[in-house]
Amino acid sequence: MSVVQITRIVRFNCAHRVWNPALSEADNARLFGKCNNPNWHGHNYTLEVTVDGPVDPTTGYVVNLRDVKAVVAREIVDVVDHKNLNLDVPFMAGTIPSTENFVLAIWRVLAPAVAPARLARLKLWETENQYVEYDGR
Ligand code: NI
């Protein structure tokens with residue numbers, strides 16, 4: 001059976017400060033540099049959400065992308081857009097808001113929420129030159 005991947009792209013912006021409260025101010029500054037700025041900084045994120053599966057012979061679709069779009073908007077974009085990842089986003093609470101941790105947290109929210117579609121991969125761009133990928137492993 002042929003498996004096809006289909007991707008929905010969304011964009012949002014968030015503020016954050018990358019820091020580990022278990023470390024000293026000096027260690028945080030040395031480790032995280034500009035990303036440790038106490039008064040926050042922002043990023044324009046791009047998130048690529050890929051689901052996969054066989055093509056349904058009745059619809060010709062793997063999944064109705066309208067449903068995926070609605071779930072991603074409700075569970076992620078509406079929760080994080082124009083928010084501070086350190087302060088405002090429940091699913092990031094207690095987490096160092098690196099791009100790596102952000103993509104893991106998004107996966108934990110989206111994987112059950114997109115069912116019966118199967119979440120295959122997330123690609124999260126923090127800048128136009130840098131992204132992280134996660135496939136659930
Ligand atoms: Ni940053």
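Of the 137 residues in the chain, 36% are buried. The model is a predicted one, and its C-alpha trace spans about 60 × 25 × 25 Å along the principal axes. Three helices and five strands make up the secondary structure, and along the sequence they follow the pattern β-α-β-α-β-α-β-β. Among the contacts in the chain with a separation of 6 or more, 66% are between residues 24 or more positions apart.

### The sheet and its helices

The five strands form an open sheet with mixed pairing, in the order β3-β1-β2-β4-β5. The edges are held by β3 (83-84) and β5, each of which has a single partner strand, so one side of each is left without a neighbour in the sheet. Further in, β2 and β4 run antiparallel and are joined by seven bridges. β4 also pairs with β5 in the antiparallel sense, over five bridges, and these two strands form a hairpin with two residues between them. The table gives residues that stand opposite each other in these pairings.

| Residue | Opposite residue |
|---|---|
| Glu48 | Lys123 in β4 |
| Thr50 | Arg121 in β4 |
| Thr127 | Gln130 in β5 |

In soluble globular proteins, nonpolar side chains tend to be buried together. In this model the largest nonpolar core has 31 residues, and those with the most contacts inside it are Phe12, Leu47, Phe102, Leu110, Leu122 and Leu124. At least two residues of this core come from each of β1 (3-16), β2 (41-54), α2 (65-80), α3 (99-113), β4 (118-127) and β5 (130-134), and α3 gives the most, with seven residues. Leu122 illustrates how these elements meet: leaving aside residues up to four places away in sequence, Leu122 touches Leu47, Glu48, Val49, Val103, Ile106, Trp107, Leu110, Val132, Glu133 and Tyr134.

### The cysteines

A search of the whole structure finds zero disulfides. For Cys14 the reason is distance, because its sulfur is 14 Å from the closest cysteine sulfur, that of Cys35, which is too far for a bond; a disulfide would need the two sulfur atoms within 2.5 Å. Cys35 is likewise in no disulfide, the nearest cysteine sulfur being that of Cys14.

Conventions. Residues are numbered from 1 along each chain as its sequence is written. This is a predicted model: local features need pLDDT of at least 70, side-chain atom pairs count only at pLDDT 80 or more; totals for chains, interfaces and linings use all residues. Side-chain values use heavy atoms; hydrogens and water are left out. A nonpolar core is a set of buried Ala, Val, Leu, Ile, Met, Phe, Trp, Tyr and Cys residues joined through side-chain atoms within 4.5 Å. Buried means under 20% relative accessible area, exposed over 50%, partly exposed in between (1.4 Å probe, protein chains only). Helices (H or I, at least four residues) and strands (E, at least two) are DSSP runs, numbered from the N terminus. Contact means heavy atoms within 4.5 Å. Two strands pair if DSSP finds at least two bridges between them.
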